[in-house]
Amino acid sequence: MTRTQEPRTAPAPAPEIDQGKLEAFLGKVVDEVGAAYNTVLTAIGDQLGLYRVLADAGPLTTAELAERSGTAERYVREWANAQAASGFLRYDAAAGRYELPPEQAFVLADESSPVYLAGIFQGAPAVFGLTPRIVEGFRSGEGVGWHEHGAALFEGTERFFRSGYRANLVSDWIPALDGVEEKLRRGVAVADVGCGHGASTLLLAEAFPSSTFVGFDYHRASIEAARGRAADAGLGADRVRFEVAGGDEYPGTYDVVAIFDALHDMGDPLAVARHVRESLTPDGTFMLFEPAAGDDVADNLNPVGRLYYAISTMVCTPASLAQPGRAALGAQAGPARLGEILTEAGFTRVREAARTPFNIVLEARP
């Protein structure tokens, strides 16, 4: 062997393949890819009103479904078969009819349902469309701003969260906070920071007519949409306003400040929390609503954590990395990390007030 030659090492032995585990994983891969495509098909069914037609009419042939929905039967036939194979529809082979079971209708067709989730399917294709940007972000570390996504994501996000807010916000979450319900009924000034289309702001304004509300968001198109929704609800500017402003720069002093599912998306959550502290009255309350999570990764390796980690990779973390601060907190930060931020921002009393499968509610006081 010459000095320039490297000593040869034996190649690592090939790992032994467990055939049963291999077949199980292949089945999981098939299921995953089918689910990815079915996500888009579900968004299509929601957009075209196919679920609503089935919920209203009962079992239909694809020809009947196409006629009632104003769509082409050949497309509807393939869609219905995919939905039946996914367990979203029930197929009666003898009658050749497809049915939307009541449980599925409660999730996909009933907008008053507390578990109405059609919006999360609506937003997914918009996110998928920015995959090349996300791939580049993986390489460069640069972010992708929330405003760079399509309108379907903004509306889908509103629809997804609105059902949970409608089911829990006034009835459970507000009463879980110390003295906040009494304040709101008495009449105080409230800021909803990162309000998006204003779903949370408007629910609170409708429930507590003695209080005044201002929704802030940096995204002008969302603020314009929120103003339109306020007008549709008959809520004038004397009760609720929507203004363009970032979380660390909005003006005014408030008795209550809320951030709904948005702090982790911000570039500098600590700066935002400090600004919230500065904008509160001495006995004010900061209501922080964040995605449900445990404090350790192992706590979040479940279906809800899987969903939130995926969304965080594609939307939340890139959004934070596109802003000054680039904290990239992520959608699964957990109550301990959030509590650290609030304490560092100057809050002296922080507690978890409520929790659902999708949200945690923290209360912070000066």
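A polar contact is a pair of N or O atoms within 3.5 Å, where, within protein, one atom must be able to donate a hydrogen and the other to accept it. In this predicted model, the side chains of Asn359 and Asp261 make such a contact at 2.9 Å.

**Annotated domain**
- The UniProt record, an unreviewed entry, places the feature "domain: Methyltransferase" at residues 186–309.

**Asn359**
- Strand 9, residues 359–365, contains Asn359.
- Asn359 counts as buried because its relative accessible area is 5%, and the cut-off for buried is under 20%.
- Leaving out residues up to four places away in sequence, Asn359 touches Trp173, Asp261, Phe289, Glu290, Pro291 and Ala292.

**Arg349**
- Arg349 lies in strand 8, which covers residues 349–355.
- With a relative accessibility of 47%, Arg349 is partly exposed.
- Its contacts, not counting residues up to four places away in sequence, are Glu363, Ala364, Arg365 and Pro366.
- Between Arg349 and Ala292 there are 57 residues of sequence separation and 20 Å in space, C-alpha to C-alpha.

**Surface patch and Tyr37**
- A nonpolar patch on the surface is formed by Phe25, Val29, Val33 and Tyr37, which together have about 410 Å² of accessible area.
- Tyr37 sits in helix 1, residues 19–47.
- Tyr37 counts as exposed because its relative accessibility is 60%, and exposed means over 50%.

Methods
Residues numbered from 1 in each chain as written. Predicted model: local features only at pLDDT ≥ 70, side-chain atom pairs only at ≥ 80, totals over all residues. Heavy atoms only, no water. UniProt positions renumbered as here; feature names shortened; annotations may be inferred. Helix = DSSP H or I, 4+ residues; strand = E, 2+ residues; numbered from the N terminus. Buried < 20%, exposed > 50% of the residue type's maximum accessible area, 1.4 Å probe, protein only. Contact = heavy atoms within 4.5 Å. Patch = residues over 30% accessible without salt bridge, like charges linked within 9 Å, V, L, I, M, F, W, Y side chains within 5 Å. Areas by Shrake-Rupley, 256 points an atom, 1.4 Å probe, with all protein chains shown as cover. Salt bridge = Lys/Arg side-chain N within 4 Å of Asp/Glu carboxyl O.
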